[in-house]
Amino acid sequence: MATGSADELASRAMDVLDRNRRGDWTCPSHHLYPHQWLWDSCFVAIGLAGRDPQRAATELRSVFRAQWSNGMLPHLIFADGVHDRASRSMWGSKRDPRAPRDIDTSCVTQPPLPAVAAWHVAEALPTAERAAFVIDVTPRLVRYHEWLYRERDPDHRGLVSLIHPWECGLDRSPPWMDQLARWRGPRWLRVAIGLHLSRA
């Protein structure tokens, strides 16, 4: 990468976030990851907090539009107008009565970063807007953490359990891909992966 000032680097990063903006949220990659991901939106909100705290607050609030009635925040919110029928069918979130009725989501979560992101955003917002943001997101964060403790900490040890490899936040990293390559998995899943039927 060419050398440059921190301001130049920040400006280039903002250009990427602006190109990937989809209304109230930001997709990680237009071609490979065109949907909204929980972890990515949290990191985007943290990154935006110092430059555009209002947009950061909107980014984080957009995550909560997909919160399930049991408190779970899904790792993926499908974007309108993006053809990805195989992934939507695979997750089938609308078959679960706890899922939102108006959008399709995955049925798993990611590491609980929303509270950290909310703290960064609240710290960056002007005082008048901060109170409204905290009042809005705090009950949603509490419901998410209650779900984590109730559903993912069955032994009450304070450790959240993963039930799907995509929940770790490390998928697509070299160690994760190495372990995935060693795992045979069921035939139908190997076929779906081999045919690139799912991007989620």
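**Reading helix packing and buried residues**

Colleague: At what angle do helix α2 and helix α5 pack, and how far apart are their axes?

Modeller: Two packed helices are described by the angle between their axes and the distance between the axes. Here, in a predicted model, helix α2 (residues 38–49) and helix α5 (residues 114–124) pack at about 20 degrees, and their axes are 9 Å apart.

Colleague: Are α2 and α5 roughly parallel or roughly antiparallel?

Modeller: Angles under 35 degrees count as roughly parallel. The angle for α2 and α5 is about 20 degrees, so the two helices are roughly parallel to each other. The crossing of α2 past α5 is left-handed.

Colleague: Which residues meet where α2 packs on α5?

Modeller: From α2 come Leu38, Cys42, Ala45, Ile46 and Ala49. From α5 come Pro114, Val116, Ala117, His120, Val121 and Ala124. By class, this contact has 10 nonpolar residues, 1 polar residue and no charged ones.

Colleague: Now α5 with helix α6. How are they arranged?

Modeller: Helix α6 spans residues 127–152. α5 and α6 pack at about 175 degrees, with axes 10 Å apart. Over 145 degrees counts as roughly antiparallel, so α5 and α6 are roughly antiparallel to each other.

Colleague: Which residues make the contact of α5 with α6?

Modeller: The α5 side supplies Pro114, Ala115, Ala118, Val121, Ala122 and Glu123. The α6 side supplies Arg130, Phe133, Val134, Val137, Leu141, Tyr144 and His145. Sorted by class, the contact of α5 with α6 has 10 nonpolar, 1 polar and 2 charged residues.

Colleague: Next, rings. How many aromatic pairs are there?

Modeller: Ring centres within 6.5 Å make a pair. The count is 4 aromatic pairs. One of them joins Tyr33 and Trp37, at 5.3 Å centre to centre with 85 degrees between the planes. Planes over 60 degrees apart count as edge-to-face, and Tyr33 with Trp37 is edge-to-face. Trp37 counts as buried, because its relative accessibility is 8%.

Colleague: What is the geometry of the pair formed by Trp39 and Phe43?

Modeller: Trp39 and Phe43 are also edge-to-face, at 5.2 Å centre to centre and 75 degrees between the planes. They sit 4 residues apart in helix α2, so about one helical turn separates them. Phe43 is partly exposed, with a relative accessible area of 44%.

Colleague: Turn to single residues. Is Ser62 buried or exposed?

Modeller: Under 20% relative accessible area means buried. Ser62 has 5%, so Ser62 is buried. Its place is in helix α3 (residues 53–64). Beyond its neighbours within four places in sequence, Ser62 is in contact with Asp24, Trp25, Gln36 and Ile77.

Colleague: Where is Met72 found, and what does Met72 touch?

Modeller: Met72 is in the loop between α3 and β4 (76–77). Met72 is buried, with a relative accessible area of 2%. Not counting residues up to four places away in sequence, Met72 touches Ala66, Gln67, Ser106, Cys107, Val108, Thr109, Tyr144 and Trp147. For scale along the chain, Ala192 is 120 residues from Met72, and their C-alpha atoms are separated by 26 Å.

Colleague: Trp147 is on that list. Where does Trp147 lie?

Modeller: Trp147 lies in helix α6. Its relative accessibility is 6%, so Trp147 counts as buried. With residues up to four places away left out, Trp147 touches Asn70, Gly71, Met72, Thr109 and Arg152. Trp147 and Pro53 are 94 residues apart along the chain, with 28 Å between their C-alpha atoms.

Methods. Residues are numbered from 1 along each chain as its sequence is written. This is a predicted model: local features need pLDDT of at least 70, side-chain atom pairs count only at pLDDT 80 or more; totals for chains, interfaces and linings use all residues. Side-chain values use heavy atoms; hydrogens and water are left out. Axes are lines fitted to C-alpha atoms, for helices over the stretch in contact, and angles run from 0 to 180 degrees between N-to-C directions. Angles under 35 degrees count as roughly parallel, over 145 as roughly antiparallel, 65 to 115 as roughly perpendicular and the rest as oblique. A crossing is left-handed if the near helix is turned anticlockwise from the far one by less than a right angle, and right-handed if clockwise. Contact means heavy atoms within 4.5 Å. Ala, Val, Leu, Ile, Met, Phe, Trp, Tyr, Cys and Pro count as nonpolar, Asp, Glu, Lys and Arg as charged, and the others, Gly among them, as polar. Rings of Phe, Tyr and Trp (its six-membered ring) pair if their centres lie within 6.5 Å; planes under 30 degrees apart count as stacked, over 60 as edge-to-face and the rest as tilted. Buried means under 20% relative accessible area, exposed over 50%, partly exposed in between (1.4 Å probe, protein chains only).
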